[in-house]
Amino acid sequence: MLAKGHTAGNILVSMKSGFASWWQRDGPMDVKLITDDAAKELSLNLIQACDYIDVAVAWAGKNTVVDALILNEGKLRHVVIGTHMYQTHPDVLRRLMPMPQAKCMPPEPPDGRLFHPKIYLFQTGERVSALVGSHNLTASAFNGLNVEASVLIEGDASAPALRDLIDRK
């Protein structure tokens, strides 16, 4: 099924050594499947290399990725963490909430909807890397204790799919 607004005429997917190149009128985006604990090494590398970071996750726990984000506080533009079902560790909230760019979603949202994204955006100049999928910001997700699957989407910040993620901050 094609995404809304896309037609078979403007998308070509080619698989080469684990990468998919998503070609649109605006140029290519590389897409790679990231499973289990491979996301930890990738995230730590992207945190070090990027200029800016945006994070929206359902839950967060104590782990090395959280530590790296806090050490790189100056790169954080937006961090939104859910607390529904009280799965987010209080120590993580204590460390992040003093930061003006951090926001905590209430455990019982007024509209009853569960805040459940797992989106990590890393921007370096006009290049964006987006990790989107099942990896919460928890040790279980990043240390291979859970079965996880996310996709890494990389491309120019002007690519429509990446621009949409950036604009939803």
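Q: What makes the pairing of Asp-91 and Arg-94 a salt bridge?
A: In this predicted model, the side chains of Asp-91 and Arg-94 come to 2.5 Å, N to O. The cut-off is 4 Å between a side-chain nitrogen of Lys or Arg and a carboxyl oxygen of Asp or Glu, so the pair qualifies. Both residues lie in helix α3, three residues apart, about one turn of the helix.

Q: Why is Arg-94 called exposed?
A: Its relative accessible area is 55%. Exposed means over 50%, so Arg-94 falls in that class.

Q: Why is Asp-91 called partly exposed?
A: Asp-91 has a relative accessible area of 27%. Buried would require a value under 20% and exposed a value over 50%, so Asp-91 is placed in between.

Q: What makes Lys-62, Asp-91 and Arg-94 one network?
A: They are joined by salt bridges that share partners. Besides the bridge to Arg-94, Asp-91 forms one with Lys-62 at 3.3 Å, N to O. Asp-91 is in helix α3 and Lys-62 is in the loop between β4 and α2, so this pair ties together parts 29 residues apart in sequence.

Q: How do you know that Arg-95 and Asp-67 form a salt bridge?
A: The N to O distance between their side chains is 2.7 Å. The limit is 4 Å, so the pair counts. Arg-95 belongs to helix α3 and Asp-67 to helix α2, so the bridge ties together parts 28 residues apart in sequence. Arg-95, at 39% relative accessibility, is partly exposed; Asp-67, at 32%, is partly exposed too. By this rule the count for the model is five salt bridges.

Q: Why is His-84 called buried?
A: The relative accessible area of His-84 is 17%. His-84 lies in the loop between β5 and α3. Not counting residues up to four places away in sequence, His-84 touches Trp-59, Pro-107, Glu-108, Pro-109 and Leu-114.

Q: What lies 2.7 Å from a polar atom of the His-84 side chain?
A: The backbone oxygen of Pro-107 does. A polar contact needs N or O atoms within 3.5 Å, so the distance is inside the limit.

Q: Why does Leu-121 count as buried?
A: Leu-121 is at 4% relative accessibility, and the condition is a value under 20%. Leu-121 lies in strand β7 and is included, with Met-29, Ala-157 and Ala-159, in a separate core of ten residues.

Q: How far apart are Leu-121 and Asp-54 in sequence and in space?
A: They are 67 residues apart in sequence and 5.0 Å apart in space, C-alpha to C-alpha.

Q: Which residues touch the most other members of the largest nonpolar core?
A: In this core of 29 residues, they are Ile-53, Leu-69, Ile-81, Leu-96, Tyr-120 and Leu-137. Elements giving two or more residues to the core include α1 (38-49), β4 (52-57) and β7 (118-124). Helix α2 gives the most, with five residues.

Q: How many of the contacts with a separation of 6 or more come from residues 24 or more positions apart?
A: Such residues account for 59% of those contacts. The chain has five helices and nine strands, and buried residues make up 44% of its 169 residues.

Notes
Residues are numbered from 1 along each chain as its sequence is written. This is a predicted model: local features need pLDDT of at least 70, side-chain atom pairs count only at pLDDT 80 or more; totals for chains, interfaces and linings use all residues. Side-chain values use heavy atoms; hydrogens and water are left out. Helices (H or I, at least four residues) and strands (E, at least two) are DSSP runs, numbered from the N terminus. Buried means under 20% relative accessible area, exposed over 50%, partly exposed in between (1.4 Å probe, protein chains only). Contact means heavy atoms within 4.5 Å. A nonpolar core is a set of buried Ala, Val, Leu, Ile, Met, Phe, Trp, Tyr and Cys residues joined through side-chain atoms within 4.5 Å. A polar contact is a pair of N or O atoms within 3.5 Å; within protein, one must be able to donate a hydrogen and the other to accept it, and residues adjacent in sequence count only if both atoms are side-chain atoms.
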